[in-house]
Amino acid sequence: MPGPSPGLRRALLGLWTALGLGLFGFSAVAQEPFWADLQPRVALVERGGSLWLNCSTNCPRPERGGLETSLRRNGTQRGLRWLARQLVDIREPETQPICFFRCARRTLQARGLIRTFQRPDRVELVPLPPWQPVGENFTLSCRVPGAGPRGSLTLTLLRGAQELIRRSFAGEPPRARGAVLTATVLARREDHGANFSCRAELDLRPQGLGLFENSSAPRELRIFALSPDPPRLTAPQLLEVGSEKPLSCHLDGLFPASEAEVYLALGDQRLNLNVTIEGDALMATATATASAEQEGARQLVCNVTLGGESRETRENVTIYSFPPPLLTLSEPSPPEGEMVTVTCTAGARALVTLEGVPAAVPGQPTQLQLNATENDDRRGFFCDATLEVDGETLSKNASAELRVLYAPRLDDADCPRTWTWPEGPEQTLRCEARGNPEPSVHCARPDGGAVLALGLLGPVTRALAGTYRCRATNVQGQAVKDVTLTVEYAPALDSVGCPERITWLEGTEASLSCVAHGVPPPTVSCVRSGEAGVFVEGLLRVAREHAGTYRCEATNARGSAAKNVAVTVEYGPRFEEPSCPSNWTWVEGSGQLFSCEVDGKPEPSVECMGSEGANEGVLLPLAPPDPSPSVPSISSDLTPGIYICNATNAHGSMVKTVVVSAESPPQMDESTCPSHQTWLEGAEAAALACAARGRPFPGVRCSREGAPRPKRQRISREDAGTYVCVATNAHGTDSRTVTVGVEYRPVVAELAASPPGGVRPGGNFTLTCRAEAWPPAQISWRAPPGALNIGLSSNNSTLSVAGAMGSHGGEYECAATNAHGRHARRITVRVAGPWLWVAVGGAAGGAALLAAGAGLAFYVQSTACKKGEYNVQEAESSGEAVCLNGAGGGAGGDTGAEGGPEAVGAAESPAGDEVFAIQLTSA
């Protein structure tokens with residue numbers, strides 16, 4: 001059976017859908033769950049803070065509702081299905097508020113969780129010990145009271161910025177608050193002065209809050225090390241009353257040594273200290289001064305304290321009194337011959353000894369008597385006293401000097417009779433006299449002149465030399481003595497005694513003597529330079545070889561002096577052939593001057609003058625000894641001949657005859673060697689026409705540039721090219737470049753027809769003629785009789801015919817002509833085709849053609865059109881040929897067939913050359 005229609009199916013489907021949705025909605029209304037909600041459900045609040053809680057329900061009409069909590073409330077807001085309440089001063093670590101509503105006889109509840117946190121505001125590090133021994137452990141303890149929750153806390157103990165220990169309290173109960181971190185640390189030397197601290201971190205970033213940090217105040221650790229050994233005390237065992245002695249106390253193994261306290265005392269007297277520290281060592285020094293009240297045995301104490309610990313050392317010191325002995329003279333300055341008593345005394349317990357003689361018993365004095373003499377002056381007396389203290393014998397002494405008064409004495413040792421001093425250095429002049437009181441000494445020249453400044457440092461000069469009288473005086477009398485002063489000085493060679501330059505005359509007698517000044521008198525010797533060991537002494541016969549430089553040296557005990565002496569030997573003039581030749585050749589154009597150097601001293605003056613003929617009385621210019629650019633050269637008109645040269649100086653004159661001749665270097669020009677020369681091929685081979693002027697006569701050699709010219713008997717055109725001709729004589733060369741051209745007779749090298757083998761009537765053909773010649777040849781043509789309409793190229797090298805007829809057949813001649821000759825070649829052109837039947841068609845027709853051809857005449861005219869094209873038809877009607885290109889006497893003007901300047905040039909030819917033109921005449 002058929003199913004429901006589509007419309008019905010859609011209606012049923014909509015009905016079922018509506019029913020299903022309605023039933024579902026009814027079930028939802030009947031079974032909807034009611035709840036209570038608390039927001040925020042979990043909260044983290046800083047201790048003492050506040051928080052709003054929102055309690056709500058989805059019950060349409062709750063009977064009642066509220067919020068249960070032990071926390072303080074500050075305000076409440078309500079609605080039908082909600083309640084908002086502010087909680088303040090929240091201090092409990094953890095509390096759980098409850099939100100409730102009564103709905104449909106059921107109680108709806110929602111629990112929340114509120115936790116508090118406290119920042120680490122107090123971070124405390126337990127105080128460290130005042131001093132901590134090196135190598136022992138100490139405890140670091142850090143407290144953070146109240147901070148929390150503890151599970152979010154991290155504590156770190158630090159040495160400066162270095163972390164020693166770090167602990168996290170993660171996993172602790174949420175209600176736990178506060179934390180303590182303790183660590184045991186070994187004390188090290190490098191920890192001295194280090195700051196220790198504690199850092200607390202409360203990390204609430206996982207709960208959406210920040211990281212809270214705080215640190216304790218730093219605490220400084222003081223480390224010390226104290227050696228178990230006692231200090232080393234350095235002190236004298238005996239200390240004299242009134243004397244000062246150094247004391248020292250030394251201790252090693254201290255750290256820090258600068259913090260140590262030192263106590264040093266002698267008996268009940270504390271000493272002032274000077275403390276020096278080197279590394280871990282301490283040195284305390286002091287000066288102890290004993291007083292009479294302290295005489296006897298006393299104790300010296302050194303105490304070193306560091307870190308609350310002490311090290312101490314004690315030593316015994318005996319303080320005693322021992323005055324020095326007393327030595328007296330009955331008369332300290334007696335006159336010579338008087339008696340003197342010497343006495344020595346000391347303390348009660350001391351034993352004295354005078355000049356080696358002891359007293360009888362301790363405490364008694366001792367004496368000595370003497371008669372004063374000059375030898376006792378400045379005599380010293382010594383008294384020695386000894387005292388025994390604690391088994392040790394102590395000694396002290398005293399001294400006294402006796403001064404005996406006596407008259408002055410001048411001894412040779414202290415005031416010599418002869419003084420010898422070097423000149424220059426500063427000296428202290430001394431003449432000392434013995435005597436008491438000390439005498440005064442005065443030295444002066446006997447004539448009342450110069451006075452010597454005795455005892456003063458001053459320069460020694462030659463003026464001080466001489467004899468002086470010295471007088472010594474005191475209250476006891478006087479003494480007189482004459483002394484002689486000699487001043488020595490090194491030699492000197494001056495220009496007066498030893499001149500720098502000496503002039504001798506050759507042939508005379510002379511000696512080289514130099515006088516030197518000096519004390520003691522110097523010796524002088526002269527040696528020629530370069531001849532060591534050969535001394536010049538006595539009279540010499542002067543020769544030129546004696547000239548030169550001599551080294552003269554003067555010597556004495558105080559030094560030496562040397563001087564160079566230049567000896568010049570003069571002599572009369574003398575001519576030498578190499579320096580002034582008897583024959584001289586002057587080269588024209590060289591500017592050279594005649595050099596005539598004459599030997600002589602002083603240098604002679606030279607003059608050369610012509611003696612006969614054209615040069616008589618003419619001075620010959622001479623080259624100076626030192627040529628310079630400004631010296632004039634000889635003009636070109638120097639006259640050769642005989643010249644007399646005269647040399648003169650202060651010692652005479654000399655004459656010499658000089659013969660002067662003139663020569664010149666090669667010279668070529670256009671007149672002697674033309675730059676362009678022409679040869680004729682086939683002529684007998686000859687040299688280039690090149691010559692040169694010059695004395696002596698120059699030789700000329702010519703060579704071709706590039707490939708050398710081969711030797712042949714006849715001239716070839718291959719001999720053309722560029723040649724270089726060089727003329728040479730004893731004074732130089734000259735060259736010239738010559739261009740050689742080779743001319744030759746014309747030769748028709750090529751005569752060809754195009755097309756070859758003949759031409760058909762009405763066709764075109766061209767004849768080409770190529771000629772070789774120098775200078776270039778003129779081309780002319782000879783055509784068969786009756787050949788019309790012939791065209792020529794601009795240079796006549798090509799003959800062309802357009803529309804050939806039988807009359808164009810026959811022999812053509814091309815001729816080439818230049819100044820050296822003429823050459824011609826012939827070629828035959830055949831014109832054949834269908835019209836030949838006319839030639840055999842009948843006697844009547846042939847006779848008519850012969851009659852017409854007999855009236856034509858061909859000739860050559862050199863002054864007619866030299867080149868061009870002719871119209872035969874016009875010539876037949878007018879009775880004369882027409883020159884199409886206007887050459888010759890026509891009206892065409894001066895231009896050639898090609899209309900260019902080359903055509904004009906090619907048309908030129910010598911008169912009489914054969915250039916064809918065509919002219920028709922009637923019979």
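A residue is counted as buried when its relative accessible area is under 20%. In this predicted model, that description applies to 35% of the 923 residues of the chain. Trp-584 and Phe-594 are both buried.

The rings of Trp-584 and Phe-594 form an aromatic pair, with 5.1 Å from centre to centre and 50 degrees between the planes, an arrangement classed as tilted. Trp-584 belongs to strand β52 (residues 583-587), whereas Phe-594 is in the loop between β52 and β53 (598-601), so the pair ties together parts that are 10 residues apart in sequence. A further pair is made by Phe-765 and Tyr-812; the ring centres are 6.2 Å apart and the planes are at 70 degrees, so this pair is edge-to-face. Distant parts of the chain are linked here, since Phe-765 lies in strand β62 (residues 765-774) and Tyr-812 in strand β66 (residues 810-818), 47 residues apart. Phe-765 and Tyr-812 are both buried. The count of aromatic pairs in the model comes to seven.

Tyrosine rings also take part in contacts with arginine. Arg-462 is placed over the face of Tyr-489, at 3.4 Å from the ring centre. Arg-544 is placed over the face of Tyr-571, at 3.5 Å from the ring centre.

The chain contains five helices and 67 strands. Among contacts with a separation of 6 or more, 64% are between residues 24 or more positions apart.

In soluble globular proteins, nonpolar side chains tend to be buried together. The largest nonpolar core of the model has 28 residues. Those with the most contacts inside this core are Phe-138, Leu-140, Cys-142, Val-144, Leu-155, Leu-157 and Phe-196. Two or more residues are given to the core by each of the strands β13 (137-144), β14 (153-159), β16 (179-186) and β17 (195-203). With neighbours within four places in sequence left aside, the contacts of Phe-196 include Leu-125, Leu-128, Phe-138, Leu-140 and Leu-158. Phe-196 is also in contact with Arg-159, Leu-164, Ala-217, Pro-218, Arg-219 and Leu-221. Another core, of 26 residues, lies apart from the largest one, and Phe-224, Leu-266, Ala-286 and Leu-300 are among its residues.

Key:
Residues are numbered from 1 along each chain as its sequence is written. This is a predicted model: local features need pLDDT of at least 70, side-chain atom pairs count only at pLDDT 80 or more; totals for chains, interfaces and linings use all residues. Side-chain values use heavy atoms; hydrogens and water are left out. Helices (H or I, at least four residues) and strands (E, at least two) are DSSP runs, numbered from the N terminus. Buried means under 20% relative accessible area, exposed over 50%, partly exposed in between (1.4 Å probe, protein chains only). Contact means heavy atoms within 4.5 Å. Rings of Phe, Tyr and Trp (its six-membered ring) pair if their centres lie within 6.5 Å; planes under 30 degrees apart count as stacked, over 60 as edge-to-face and the rest as tilted. A charge sits over a ring if NZ of Lys or CZ of Arg is within 6 Å of the ring centre and within 35 degrees of the ring normal. A nonpolar core is a set of buried Ala, Val, Leu, Ile, Met, Phe, Trp, Tyr and Cys residues joined through side-chain atoms within 4.5 Å.
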